[in-house]
Amino acid sequence: MKNFCLVSFASLLLLIIFSGCGSDETNIYYSADLPLVTTVNAESITYTSASINAEITDSGGEYIVARGVCLSESPEPGLEDAVYLGGTGDGEFSVLADGLNPETTYYVRAFAANVGGTSFGEDISFSTKNLTTPAISTAAISNITPATAISGGDILDDGGLPIIGRGVCVSEVVNPTLDDTCFGEGVGSGSFIALMTGLSQNTTYHVRAYASNDLGTSYGNDLTFTTGMLELATVLTVSPSSVSYTTATAGGNVTQDNGSQLSARGLCWSTFQSPDIEDTCYSEPGGLGSFSTNITGLVSNTTYYIRAFAVNEVGTSYGNEVTLTTLSMVAPELTTKAITGISSNIAGSGGLISTDGGSAITAKGVCWSVNPSPATANFTTTDGTGPDSYNSTLNGLTPLTTYYVRAYATNAVGTTYGNELSFTTTDLVYPGPTVPVVGTVSSSISGSSTASSGGYVSSDGGSTVTARGICWSTTPEPTLADSCYVDGSGVGFFSSTATGLSGCGIVYYIRAYATNSTGTGYGSQTSLSTGLLPTVTTSDITDIGYYTATSGGLIEDDGGCQITQKGVTWNYFTQPSTGNTHSEDGSGTAAFTSNMEGLYANRTYYARAYATNSVGTAYGPEKVFTTLTPPTPYIGQNYAGGVVFYLEETGEHGMVVTPQSPGAGTWGCEGTDIPTNTIVGSGATNTASIVASCSSDGTAAKLCDSLSLNGYSDWFLPSNDEMSLIYNKLSSKALQPAPGQYWTSSQRDASFAWYIYTTGQINYTYKRVSYPYLAVRSF
């Protein structure tokens, strides 16, 4: 208990005040009447304090220089006991006596002092409250799902001791206790909220709040609630695209998990209706949002039925059925290459196949004749199979003769021809022996130290070509004195490989050559720079959390060039690149670890390691992972009737939006000024203002206000800033609404109101325009 000293303003006041300490008698040193003071009562008694009320009914004709109360555990306390001052002047006054002990009886007297001395009121007593267990009430139950619910409590009285534990207990029987399942929520007095998790679906539970101090535990009133039923997930099938002879692209969109963890999603297809997981399927880890895949192995000219599926704890659900018909096989399409290297008895051509018609190319080449429209019944070359472009050599030609040439290609449907070209061979020329005539094929890097090239010998120069090949050097116009590759003899096309190349970005010059008895002829010069793309692998995804995960990579080959940057890139869609979110983990070839941060909870991601050198950027194999689902609401979650797009700092309250537009309507009442706001948190008030001020039917605000959806009827039209949050938060998770314009509840002026594009752009238009709307509710 506190002891207080009474401080006087002058020596005379000290003498007056303390002359009466310890006695009801008053010693008068100045000719003045003593005050009359009454101890009225003690009220607002707690465990450690009480409010003492008193009244000075007569000041004795002098100013009251001090007043207060004396307090003790013994009767008739005086100024030598605990003193609580109450200011100066006469009339009623009240003093708070604190620092008391619980469960204790105290005696208290009021006192008043003037220049004549100090007088005391009558002696009264009171007792501080007895220590006890806390008093607590159970908060109403809300946000009930198949597996969770929210309750809490309000500690009405801590019993005079610190609260050392509080929370809620839940059971399927009445009056649950700490022996049942409980959810603790810290310490201290006041109100608290508790999230109950791990509940069973469609089950009735009893809930009681509890609070504990050193004397024991008390419970609030018993409340009951019933958890919801788990439902199959909601999934849509997306129409196929890029349909070819044997492949197509298809996908789906899992819009709601309906309160149950998703384990898988994918596509099933068949030549019969209603395909399911017993048919041919593609599957990937579960998660909300869109997904797609490339379907292969289809049969041409065949109709397929496709359905997306999603698997949660309840079972497998299927989306709407869509169909595709693969293309019918046709004959190949190709063009004839330009005629080159024309001489008296030889020329070069070839073909460029633009499509195989959905069937494998089994033969290809060129055909020629002295008559138009040559076919395979005439002279032909055979230049292999497959859809690649090819070169052909026309041999055995007659000098000074006009020939017609067409490329051809054959598949299971038949043989087609390219465009027709014509040329005339030269006359026989006997100028004497010359070096061979040779052209150089375009060169390209084929390995860390090699390059592919070659040539075409169109004329032997009057004597047999005994050697042909390529020469290369880091200086222009390479010759046989430099590095060379020998590739046989004779005329026609040949392929060669330049070896021993080194460095990164080093320019090499390459020329084809051909040698006969007269000498060596060289083709035109080509050039290339050394260096290849790196080779990198992607590390497994580890440390997967709600909003983070870890990966990394190993650079197996730097391509001969310095690695200038490396890291991991990730996205919601397959094949992420450095144009998407990515880490930057330095340079060099050392293995690296990458931290992926800023992820969204319960979201499927695709990740690849990357490495960049002066040639370009290469990627490792793709990894797929899904972030964990937190116990509290999170952005993008299907919760409380909609999709969460905003959370308060506690993470327990926020706003949800309908996944799709419930309809369309006008803003309404063009020409009427309706006060609204644009900030987050103003949408509900805006909606109420519009409904109150505009009697027109079919307005977006009125439609939201009357909407009953997913068990909730407290929807409203979002404000400007709330609509921006919907776009910014959900588009980053690929969960934004369908493209279009959506009304907000924010007015620009009496004639115009604001709307938002799904690109995030805010604009305004006349209130009479009909636009779709999204509905929002708070939880």
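1. Cavities. The model contains 2 cavities of 30 Å³ or more. A cavity here is a set of points on a 1 Å grid over the protein atoms alone where a 1.4 Å probe fits but cannot get out, and a volume is the space filled by probe spheres set on the points, joined across faces, edges and corners.

2. Basis. This is a predicted model, in which local features need pLDDT of at least 70 and side-chain atom pairs count only at pLDDT 80 or more, while totals for chains, interfaces and linings use all residues. Residues are numbered from 1 along each chain as its sequence is written, and side-chain values use heavy atoms, with hydrogens and water left out.

3. Largest cavity. Its volume is about 60 Å³. The lining (residues with an atom within 4 Å of a point) consists of Met723, Ile726, Tyr727, Pro737, Tyr742, Ile756, Tyr757, Thr758 and Leu774. Of these residues, 8 are nonpolar, 1 is polar and none is charged; Ala, Val, Leu, Ile, Met, Phe, Trp, Tyr, Cys and Pro count as nonpolar, Asp, Glu, Lys and Arg as charged, and the others, Gly among them, as polar. Helix H4 (720–731) and strand E54 (752–757) each supply at least two lining residues, and H4 gives the most, with 3. Helices (H or I, at least four residues) and strands (E, at least two) are DSSP runs, numbered from the N terminus.

4. Largest pocket. A pocket is an open set with protein on both sides within 12 Å along at least five of seven lines. The largest pocket has a volume of about 920 Å³. Among its 35 lining residues, Thr145, Pro146, Asn258, Gly259 and Asn638 are the closest to its centre. The lining comprises 13 nonpolar, 19 polar and 3 charged residues.
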